[in-house]
Amino acid sequence: MWTRKTKEELVQTRKRQKIADILAAVVLWIFLSCFTAAVPGWGENAKVSTFKDFLQRLPPRMAFWGLVAGCSLWGRFKVRKSGKATAVVCLRCQTVKARQGETVCQCGGELVNLNEMKWLKETQVE
Ligand SMILES: [Zn+2]
């Protein structure tokens, strides 16, 4: 069944999400920088693609994609801070559904953000 996370668990979840977001942004940044610097046809010297060319092309690409990754990361943090999850769980009937703006389920139960909940196996409940 679904049950509310404790305060400590919520803090842990947020911390983990933050680290995951940062890691994802860094991986994307490095990947896109290397990719666009390595693939011929991007920008000047498109025909020659030696390792030296690659190193020469890398810094401007890193600056550009760093800005893109930074902006997307900032956007993600903003969405997380607003507390808007994409899914909600009903505390009474345990239904998981997409958020559509309502705060009360059809059964009358309270709808809680999915990221504030955790799943307990039946054996753990008893
Ligand atoms: Zn319900």
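The model is predicted, so local features need pLDDT of at least 70 and side-chain atom pairs count only at pLDDT 80 or more, while totals for chains, interfaces and linings use all residues. Residues are numbered from 1 along each chain as its sequence is written.

**The helix pair**

- Helix α1 covers residues 7-38 and helix α2 residues 51-81; helices are DSSP runs of H or I, at least four residues, and strands are runs of E, at least two, numbered from the N terminus.
- Their axes come within 8 Å and cross at roughly 155 degrees, with axes fitted to C-alpha atoms, for helices over the stretch in contact, and angles running from 0 to 180 degrees between N-to-C directions.
- The two helices are therefore roughly antiparallel, a label for angles over 145 degrees.
- Residues meeting across the pair include Trp29 and Leu32 in α1 and Trp65 and Leu73 in α2; contact means that C-beta atoms, placed from the backbone, lie within 7 Å.
- The residues of this contact divide into 13 nonpolar, 5 polar and 5 charged, where Ala, Val, Leu, Ile, Met, Phe, Trp, Tyr, Cys and Pro count as nonpolar, Asp, Glu, Lys and Arg as charged, and the others, Gly among them, as polar.

**The sheet**

- An open sheet of 3 strands runs in the order β3-β2-β4, with antiparallel pairing; strands pair if DSSP finds at least two bridges between them.
- β3 (96-98) and β4 (111-113) each have a single partner strand, so one side of each lacks a neighbour in the sheet.
- Strand β2 (residues 87-90) pairs with β3 over 3 bridges, and alanine 87 has alanine 98 in β3 as its bridge partner.

Note on methods. Parallel < 35°, antiparallel > 145°, perpendicular 65-115°, else oblique. Contact = placed C-beta atoms within 7 Å.
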